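Please look at the sequence and the model first.

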Amino acid sequence: MSPQDLKSVLQSGLLSFPLTDFDSALNFAPKPYAERLEWLQPYGATVLFAAGGTGEFFSLELQEYAQVIKVALDTCRGRTPIVAGAGGGTTLAIKYAQEAEALGAQGILLLPHYLTEGSQAGLINHVEAVCKSVKIGVIVYNRGACRLTPASLMVLAERCPNLVGFKDGVGDIEKFVAIRQTLGERFAYLGGLPTAEVFAGAYKAMGCPVYSSAVFNFIPKTAMDFYRAHAAGDTATCDQLIRDFFLPYIALRNQGEGYAVSIVKAGATLVGHGAGPVRPPLSDLLPAEVEQLRALIAKLGAQ
């Protein structure tokens, strides 16, 4: 898949990032992971981000990462494009990106390097180095310590033809509008805030009609129903789901640090597709919180 082909696919439907399965000893579990991908296939996500943020990329060392990407590619080949997460310092991010490309991934999601803040010049050099290390398409995730300005993205757009996507996880309306208006159609724009459904309407109004869904991991039908309603301008359906499910879900998610991942793993377990525990420094939901999530999911089934 060429970078431009990836750009087109990214703009054509709901995106998601599968959980990474671990066993009770926190080792990668390839068979359950493949089964998870098979379960999700029929629901119709346009692209899957393997080893992304919800896939606990930053807990994976390179050999494990290669296993995760290989299983995803082998399972989804010919059906759903796989974009592989990559991140960390520049040298490490290049290693992950090149490994994913060698395995056959259709693209790279360049996650923030985390921890140390960088200047705009430093961020440009970082993103450029990763883009130039591979030939496949790259999406930059604007979040955490990686917050790019319109001017920086203009430089990257000129220097890196394979940089085809901008995923926003910051939620600064003024800056996003400036980026969208400055870069125009140069990038595919993706909503990337946690529980992106709540922000989907606002992002669509700003020229970003697609987003990646975490809840697709455990309520894929509802996730697709919401996306279709969103795409069709059916605000009544979107508002009902936001009111009845997503707002109480967010309130539960906000009860613990790092729960944006943990709550998704808990949800997958509750619907019979458990992915095992999260790896430290994340922690699993408390039993009482799991019961609150169970009630929310049950309410969806009753509607």
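The text below goes from the whole chain to a few single residues.

This is a predicted model, in which local features need pLDDT of at least 70 and side-chain atom pairs count only at pLDDT 80 or more, while totals for chains, interfaces and linings use all residues. Residues are numbered from 1 along each chain as its sequence is written, and side-chain values use heavy atoms, with hydrogens and water left out.

The chain has twelve helices and eight strands; helices (H or I, at least four residues) and strands (E, at least two) are DSSP runs, numbered from the N terminus. Its radius of gyration is 18 Å, close to the 19 Å from the globule rule for 303 residues, so the chain is as compact as a globular protein of that length. That radius is taken over C-alpha atoms, and the rule is 2.2 Å times the number of residues to the power 0.38. Of the 303 residues, 55% count as buried. Buried means under 20% relative accessible area, exposed over 50%, and partly exposed in between (1.4 Å probe, protein chains only).

Two residues illustrate both states:

| Residue | Relative accessible area | State |
|---|---|---|
| S16 | 1% | buried |
| L115 | 77% | exposed |

S16 sits in strand 1 (residues 15-16). Leaving aside residues up to four places away in sequence, S16 touches V47, L48, F49, S213, F216 and N217, where contact means heavy atoms within 4.5 Å. L115 belongs to the loop between strand 4 (107-110) and helix 5 (120-132).
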